[in-house]
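Reader: Please show me how to read a single residue in its surroundings. I would like to go from the residue to the whole chain.

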Amino acid sequence: MSLTSTAHQLVTLASEGGEHGGNHESLSPYLTGGGAFVTLLLLLWITTRFNRDR
């Protein structure tokens with residue numbers, strides 16, 4: 001199996017499910033991104049609280 005045939009099979013497989021677009025109806029990109037941002041800020045705050053030697 002060569003690299004080009006593998007790539008062609010993956011492209012074919014990806015285009016078969018193209019009718020849905022890969023997005024779930026209940027997922028909001030703003031809510032997901034905002035939740036990830038808040039989580040990262042919380043982890044940054046926790047890290048800086050434990051690193052008091054600087």
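Reader: In which helix is Leu42 found?

Author: Leu42 belongs to helix H2, which covers residues 29-50. The model is predicted. It has two helices and zero strands.

Reader: How is the exposure of Leu42 classed?

Author: The class rests on relative accessible area: buried is under 20%, exposed is over 50%, and partly exposed lies in between. Leu42 has a value of 48%, so this residue is partly exposed.

Reader: Which residues form the nonpolar patch on the surface?

Author: Leu42 is one of its members; the others are Leu40, Leu43, Trp45, Ile46 and Phe50. Together they have about 690 Å² of accessible area.

Reader: What share of the protein's residues counts as buried?

Author: The figure is 0% of 54 residues. The protein exposes about 5,400 Å², with 66% of that supplied by carbon and sulfur atoms.

Reader: Where does UniProt place the feature "transmembrane region"?

Author: The unreviewed entry puts it at residues 27-46. In the model, that span is 90% helix and 0% strand, and its end C-alpha atoms are 28 Å apart.

Terms used. Residues numbered from 1 in each chain as written. Predicted model: local features only at pLDDT ≥ 70, side-chain atom pairs only at ≥ 80, totals over all residues. Heavy atoms only, no water. Patch = residues over 30% accessible without salt bridge, like charges linked within 9 Å, V, L, I, M, F, W, Y side chains within 5 Å. Areas by Shrake-Rupley, 256 points an atom, 1.4 Å probe, with all protein chains shown as cover. Salt bridge = Lys/Arg side-chain N within 4 Å of Asp/Glu carboxyl O. Helix = DSSP H or I, 4+ residues; strand = E, 2+ residues; numbered from the N terminus. Buried < 20%, exposed > 50% of the residue type's maximum accessible area, 1.4 Å probe, protein only. UniProt positions renumbered as here; feature names shortened; annotations may be inferred.
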